[in-house]
Amino acid sequence: KEEPVRVASFRAGINRNIIPDILEKNDNIDVCTATSTYTATKITADNGKQLQKKLLMRYTDVDFWQVFTFDFLSGRKFEEGDMTEKPQTAIITLRLAKELFASAQVIGREIEIGSRKYSIVGVVKSPSSAAMDSYAEVFVPSSLLNNPKMDQPFSVSSAHGRYDIYFTVKDRKHIKE
């Protein structure tokens, strides 16, 4: 069986509801993900360690981990409960775990970014910053982005949003070279 083709699409900031309202209805699309980035400038660990530097946070969903490949060193990917129950969960990179805790064994530990605390549920191998479509140092559930305007059904008038959309397709013949 041929591997799914990864396709970067809609990188201009779009309403995430294009996925259920349009893309999931396309028979050739396999998995879709909506992702948004944010730059944090301060992070505090539950051990009191603080970092004052620019950190890239990525708001993701469950399907992000199917579209992009990461090496999980411990813990888990996001699950549906992370999206629907809105717990304050985070997946961090090994590099950040070592900076904050001097250890990779951080599952269940907490970090604070802004005024929000997150419980660490996963640690991934630190990705290359050259992988711009998937790179971050902290990953959090996209359901934590509370903006009713962005949750409107997708239409021409509500197309603008905060998300980049990526998807895999089932059959290469639908991709233009």
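Close-up 1. Arg109 is partly exposed, at 29% relative accessible area (between 20% and 50%; buried is under 20%, exposed over 50%; 1.4 Å probe, protein chains only). Arg109 sits in the loop between α4 (94–101) and β6 (110–113), Asp46 in the loop between β2 (29–45) and β3 (50–60), 63 residues apart. Helices (H or I, at least four residues) and strands (E, at least two) are DSSP runs, numbered from the N terminus.

The model is predicted: local features need pLDDT of at least 70, side-chain atom pairs count only at pLDDT 80 or more, and totals for chains, interfaces and linings use all residues. Residues are numbered from 1 along each chain as its sequence is written, and side-chain values use heavy atoms, with hydrogens and water left out.

**Close-up 2. Glu99 and Lys53.** Their side chains meet in a salt bridge at 3.0 Å, N to O. Glu99 belongs to helix α4 and Lys53 to strand β3, so the bridge ties together parts 46 residues apart in sequence. Glu99 is partly exposed, at 29%. Lys53 is partly exposed, at 29%.

**Close-up 3. Glu137 and Lys53.** This salt bridge spans 3.9 Å, N to O. Glu137 lies in the loop between β7 (116–124) and β8 (138–141), so its pairing with Lys53 in strand β3 ties together parts 84 residues apart in sequence. Glu137 is buried, at 9% relative accessibility.

**Close-up 4. The network.** Salt bridges link Lys53, Glu99 and Glu137. The whole structure holds five salt bridges.

Terms used: A salt bridge is a side-chain nitrogen of Lys or Arg within 4 Å of a carboxyl oxygen of Asp or Glu.
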